[in-house]
Amino acid sequence: MTNTGLATPASLPTEVAALGPIRADLMERLRHEALTVPGNWVVEYGDYQNGGWHTLSLLNDTGNPRDVTIRDCPEPVATSLLTRMPAVRELLAELGLRCMWARLARLEAGAFLWEHRDYGELNDVERHRVHVPLVTNSSAYLILGGTKVHMSDGRVWRLTPTSPHGVCNRFGPARIHLVIDCYADDAFTALNASADSVADSVAALPIPAADELEEHVATASGLAQLGYDRAAETTLLELFYRYALPEGQVYDLIALMYAALHRDEDAERWRSKKAIMLGHA
């Protein structure tokens, strides 16, 4: 069968859902606050990205907005940034969730969060992630289960981040989301019951033919042989956003590339990175 390389319509994976809408007047104020926050964003989780993903905390256990390393926090406090964002405080009060952490996440043009799982380092209790897109564009999307999902603004979204997923913003402008990690309770159950259809926001990625993958690996190998290791690795990591691939295959391809080049230490480094990124370690 010929692979056209085109994404086709699909249903939302069960790990993501479009939930209730947000009032237009509140949405406008939320967007204004997101666009006028101070410019001291923090780059964290560097191994998980190519450098264009920045965050600031709104709820955490220290009150410092630049403290952005997620951890269990049953009784979070407002950071100094949240005290200056009345619209966000209003939305959080309306949602009524039992929050663990809340933050603003900005994804720059050309930025990628590589395939990964979240929550692996946290206590084993039921928790969920809620996204509220504040500023977005059609080239910013989530990849989950071989499916491309654009989280449109004007509504709340639910994501199960313990499933392998990645995020990119191909062309910009910057995408800004309010991201809320919360514990399971009645408020979350009620919010999750408001799921809606967003067929225009989701598409299935094509399955690559074997020769297509071989061509990409050959291109990456050529870059690595010339000393452009980062470009070689990025060439293969970005395949996760182009094709429907089995879990962790992009990491396997990088390890195999280095093994074929007799760079065994680099191959082992990427096998280890796969285990960390996907929670197998």
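Which residues of H7 are buried? They are Asp266, Ala267, Trp270, Lys274, Ala275 and Met277, where buried means under 20% relative accessible area with a 1.4 Å probe and protein chains only.

## About the model

This is a predicted model, in which local features need pLDDT of at least 70, side-chain atom pairs count only at pLDDT 80 or more, and totals for chains, interfaces and linings use all residues. Residues are numbered from 1 along each chain as its sequence is written, and side-chain values use heavy atoms, leaving out hydrogens and water.

## Helix H7

Helices (H or I, at least four residues) and strands (E, at least two) are DSSP runs, numbered from the N terminus. Helix H7 covers residues 264-277, and its 14 residues should span 20 Å at 1.5 Å a residue, the expected span being 1.5 Å times one less than the number of residues. The end C-alpha atoms of H7 are 20 Å apart, which agrees.

The cover over the buried residues of H7 includes strand S6 (111-116), helix H5 (229-237) and helix H6 (249-260); contact here means heavy atoms within 4.5 Å. Just after H7, Gly279 takes a positive phi of about 75°.

## Strand S3

Strand S3 (residues 53-60) is largely enclosed by the rest of the structure, because eight of its eight residues are buried. S3 pairs with strand S5 (residues 98-107) in the antiparallel sense over six bridges; two strands pair if DSSP finds at least two bridges between them. Trp53 has Leu107 as its bridge partner in S5.

S3 also pairs with strand S4 (residues 77-78), again in the antiparallel sense, over two bridges. Here Asn60 is partnered by Val77 of S4.

## The largest pocket

A pocket is an open set of points on a 1 Å grid over the protein atoms alone, where a 1.4 Å probe fits, with protein on both sides within 12 Å along at least five of seven lines; lining residues have an atom within 4 Å of a point. A volume is the space filled by probe spheres set on the points, which are joined across faces, edges and corners.

The largest pocket holds about 470 Å³ of space. Of its 26 lining residues, Tyr48, His116, Arg117, Asp118 and Arg129 lie nearest its centre. Among the elements that each supply at least two lining residues are S5, S6 and H7.

## The second largest pocket

The second largest pocket has about 190 Å³ of space. H5 and H7 are the elements that give two or more residues to its lining, and H5 provides the largest share, four residues.

Note on methods:
Buried means under 20% relative accessible area, exposed over 50%, partly exposed in between (1.4 Å probe, protein chains only).
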